[in-house]
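Here are my notes for you to read alongside the structure.

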Amino acid sequence: MSHDCISQRKDVWTGVGTTLENRQIADSTWKISIEAPEFAARVASGKFVMLRLVAGDDPLLGRPFAIYDADKTSGRVEVVYAVVGKGTKRLTALRPGDQLRLWGPLGNGWGVAQREKAPKNLVLVAGGVGNAPFYLLIKEQLEAAKKDPANAPKITYVFGARSAERLSCVEEFRALGVDVRIATEDGSAGTKGFVTDALPEILPEDVDPADVQLLCCGPSPMLRALAKYSAARGFECWTSLESPMACGLGICFSCVVDWKTDDGTWDYKRTCIDGPVFDASRLRWD
Ligand SMILES: Cc1cc2nc3c(=O)[nH]c(=O)nc-3n(C[C@H](O)[C@H](O)[C@H](O)COP(=O)(O)OP(=O)(O)OC[C@H]3O[C@@H](n4cnc5c(N)ncnc54)[C@H](O)[C@@H]3O)c2cc1C
Ligand code: FES
């Protein structure tokens, strides 16, 4: 993505950050900490960043990642990433002091799902590295709760993975003090099965749907199952999509999804600028 395209977006910061730490934290899962104070100062939960290696043109395009954590005081930004292909493999080679290019924060973020009066039960459902956009969200929610305790939701964080080796950052989430539930497909940690199998205990039949909001991020089959489950139970459900992207700035249309308009017809939305957070009832899941 050319520098000119990015610099035309006044709300988007672009520059070079310095790797502070980059280490494996679970099977095929790494966490990178980057010093980028001007970027960190603009972050809000659910927004994302494009990362690109400074050296070389392979891969040519940046890669999108949720912002796991950002500290405005220290200028530290953290990204949790799964190693799936060329870009993420090359990311693992970065050592402290190495530079990389960032642009963002991009997208709408979880703010789009925020109700004026918080729901009684805020249920955050993550699969795999879909845990990444929730850490900062919980920190923001806990800060807001200090200022307005009467309007604070009960937060339950449900995290699913194939097996225990794939679970990352669990202790960090527990340290925040929210209710953490784990589900693994092979039963090696937490409930055996999918995240949806863990939900009936959290959301019993007699819960008032108006008191519940689900926020979800993870693989498409998980999001599809949660969208259907929420529709059947009458729960409001928002999903953060991880559609493949090229520019991240609304220019290339590589990230479009089908979106239901108010009159029930279908339109396109670009995940990078209209999302990545969408009302699940507006997306096409079949
Ligand atoms: C808004 C957003 C936030 C994201 N946040 C995170 C995050 O926090 N942590 C994280 O690990 N990943 C995240 N992703 C996905 C991440 O961008 C891709 O995994 C990454 O771009 C892969 O780059 P690569 O060069 O390693 O893989 P490539 O060489 O480009 O592809 C390797 C394989 O992965 C598949 N693939 C590539 N991108 C995606 C994708 N987006 N969805 C499904 N399959 C894909 C390809 O089809 C191919 O089979 C996010 C994506 C978006 C759009
Ligand atoms: S990634 Fe280019 S328009 Fe969304």
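This is a predicted model: local features need pLDDT of at least 70, side-chain atom pairs count only at pLDDT 80 or more; totals for chains, interfaces and linings use all residues.

1. Ala118 sits in the loop that runs between β7 (99-106) and β8 (121-127). Leaving out residues up to four places away in sequence, Ala118 touches Asn151 and Pro153. Gln141 is 23 residues from Ala118 in sequence, and the two C-alpha atoms are 9.9 Å apart in space.

2. Next, have a look at the helix pair α6 (residues 195-202) and α7 (residues 220-233). Their axes come within 10 Å and cross at roughly 30°. Angles under 35 degrees count as roughly parallel, so α6 is roughly parallel to α7. The crossing of α6 past α7 is right-handed.

3. Which residues of α6 and α7 meet? From α6 come Val195, Thr196, Leu199 and Pro200, and from α7 come Met222, Ala225, Leu226 and Tyr229. Sorted by class, this contact has 7 nonpolar residues, 1 polar residue and no charged residues.

4. Now for the aromatic residues, where the count comes to 10 aromatic pairs. One of the pairs is Trp13 with Phe39: the ring centres are 6.4 Å apart and the planes stand at 65°, so this pair is edge-to-face. Trp13 belongs to strand β1 (residues 13-26) and Phe39 to helix α2 (residues 37-40), so the pair links distant parts of the chain, 26 residues apart. Trp13 and Phe39 are both buried.

5. Phe65 and Tyr81 form another pair, with ring centres 6.2 Å apart and planes at 65°, so these rings are edge-to-face too. Because Phe65 is in strand β4 (residues 63-66) and Tyr81 in strand β6 (residues 76-82), the pair ties together parts that are 16 residues apart in sequence. Both Phe65 and Tyr81 are buried.

6. Thr88 is part of helix α3 (residues 86-91), and, not counting residues up to four places away in sequence, Thr88 touches Phe65, Tyr81, Ala82 and Val83. Is Thr88 buried or exposed? Its relative accessibility is 7%, so Thr88 counts as buried.

7. Lys86 also lies in helix α3. Setting aside neighbours within four places in sequence, Lys86 is in contact with Asp58 and Pro59. Glu242 is 156 residues away along the chain, and 17 Å separates the C-alpha atoms of Lys86 and Glu242.

8. Please check the backbone at two prolines. The peptide bond from Gly104 to Pro105 is cis, with omega near -10°, and Pro105 is in strand β7. The bond from Gly275 to Pro276 is cis as well, with omega near 10°; Pro276 lies in the loop between α8 (271-274) and β16 (277-279).

9. Finally, two residues other than glycine have a positive phi. Cys169 has phi near 65° and is located in the loop between β9 (154-161) and α5 (170-175). With a relative accessible area of 12%, Cys169 is buried. Phe253 has a phi of about 60° and lies in the loop between β13 (236-240) and β14 (256-260). Phe253 is partly exposed, at a relative accessible area of 48%.

Terms used: Residues are numbered from 1 along each chain as its sequence is written. Chains are lettered from A and ligands numbered from 1 in the order in which they are written. Side-chain values use heavy atoms; hydrogens and water are left out. Helices (H or I, at least four residues) and strands (E, at least two) are DSSP runs, numbered from the N terminus. Contact means heavy atoms within 4.5 Å. Axes are lines fitted to C-alpha atoms, for helices over the stretch in contact, and angles run from 0 to 180 degrees between N-to-C directions. Angles under 35 degrees count as roughly parallel, over 145 as roughly antiparallel, 65 to 115 as roughly perpendicular and the rest as oblique. A crossing is left-handed if the near helix is turned anticlockwise from the far one by less than a right angle, and right-handed if clockwise. Ala, Val, Leu, Ile, Met, Phe, Trp, Tyr, Cys and Pro count as nonpolar, Asp, Glu, Lys and Arg as charged, and the others, Gly among them, as polar. Rings of Phe, Tyr and Trp (its six-membered ring) pair if their centres lie within 6.5 Å; planes under 30 degrees apart count as stacked, over 60 as edge-to-face and the rest as tilted. Buried means under 20% relative accessible area, exposed over 50%, partly exposed in between (1.4 Å probe, protein chains only).
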